[in-house]
Amino acid sequence: MPAKLDHEARRRDVSAAVWRVLATEGFGGLTLRAVAAELNATTGLVTHYFPSKQALIVHALELAEARTRALVPPTENARGLEALKQALAAVLPLTPEATELNRVWVSSWDAALADPELRIMEMSRYTRWRARLKPLVLQAQQDGDLPPGNPNDLVAGLAAFTHGLVVQALFDPRAFPHKRLRQLLDAHLEALTPRRG
């Protein structure tokens, strides 16, 4: 049993090193050698867990997705527009952790666009993200807080708007401080809200 525990502990160490390299160097700097250097170990140790750079990148994307899911709050305590606002705000770079995570995602796009397997992974990830937002949009539509119409179009537009804010804030954080990001999200949702009366 101790050997199994040591193996799992070592895999977690390697996984943590993968994340640290990603967070500081992005996907362009993610190499077996860089992870080994971060661990102060040999590349042989890293290849024991990840036999190729492709396996390393796939693992890194899985780590990023798990961390993203952990950032988005459960929506049991809110519904409709409020739950939607919380879910969208959770992916904005409003905390050091969310900023680091978004830097990792943006740096992954080049690799994903160039590799068919990674492209499919990213397409699936965005499909899951939109599927997570859709029930919230449907609730907001039922409550009269979002306009009627195709909920898939609203979801796609909201996801695109939020990711646009992410990219702008990463490149120019002084022009897009946390308070402004929240204000822009609120104003966008408010502009979509049908006028009553």
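UniProt, in an unreviewed entry, lists residues 31-50 as "DNA-binding region", and in this predicted model that stretch is 75% helix and 0% strand, with its end C-alpha atoms 11 Å apart. The record also gives residues 8-68 as "domain: HTH tetR-type", again from an unreviewed entry.

**Annotated regions**
- Over residues 8-68 the chain is 80% helix and 0% strand, and 23 Å lie between the C-alpha atoms at the two ends.

**Domains and their interface**
- The chain is divided into domain 1, covering 1-71, and domain 2, covering 73-197, and the centres of these domains, taken over C-alpha atoms, are separated by 28 Å.
- On the domain 1 side 15 residues are in contact with 19 residues of domain 2, and the area buried between the domains is about 1,700 Å², with carbon and sulfur atoms giving 64% of it.
- Within domain 1, the residues that lose the most area to domain 2 are Phe27, Leu61 and Leu71, which together account for 37% of what that side buries.

**Packing of helix 5 and helix 9**
- Helix 5 (residues 80-90) packs with helix 9 (residues 178-192) at an angle of about 145 degrees, the axes being 11 Å apart, and the crossing is right-handed.
- Helix 5 contributes Leu81, Leu84, Lys85, Leu88 and Ala89 to the contact, while helix 9 contributes Arg182, Leu185, Asp186 and Leu189.
- By residue class, the contact of helix 5 with helix 9 comprises six nonpolar, no polar and three charged residues.

Methods
Residues are numbered from 1 along each chain as its sequence is written. This is a predicted model: local features need pLDDT of at least 70, side-chain atom pairs count only at pLDDT 80 or more; totals for chains, interfaces and linings use all residues. Side-chain values use heavy atoms; hydrogens and water are left out. Axes are lines fitted to C-alpha atoms, for helices over the stretch in contact, and angles run from 0 to 180 degrees between N-to-C directions. Helices (H or I, at least four residues) and strands (E, at least two) are DSSP runs, numbered from the N terminus. A crossing is left-handed if the near helix is turned anticlockwise from the far one by less than a right angle, and right-handed if clockwise. Contact means heavy atoms within 4.5 Å. Ala, Val, Leu, Ile, Met, Phe, Trp, Tyr, Cys and Pro count as nonpolar, Asp, Glu, Lys and Arg as charged, and the others, Gly among them, as polar. UniProt positions are given in the numbering used here, feature names are shortened, and annotations may be inferred rather than shown by experiment. Domain bounds come from an automatic or database domain assignment. Buried area is the accessible area (1.4 Å probe) that two parts lose on being put together, summed over both.
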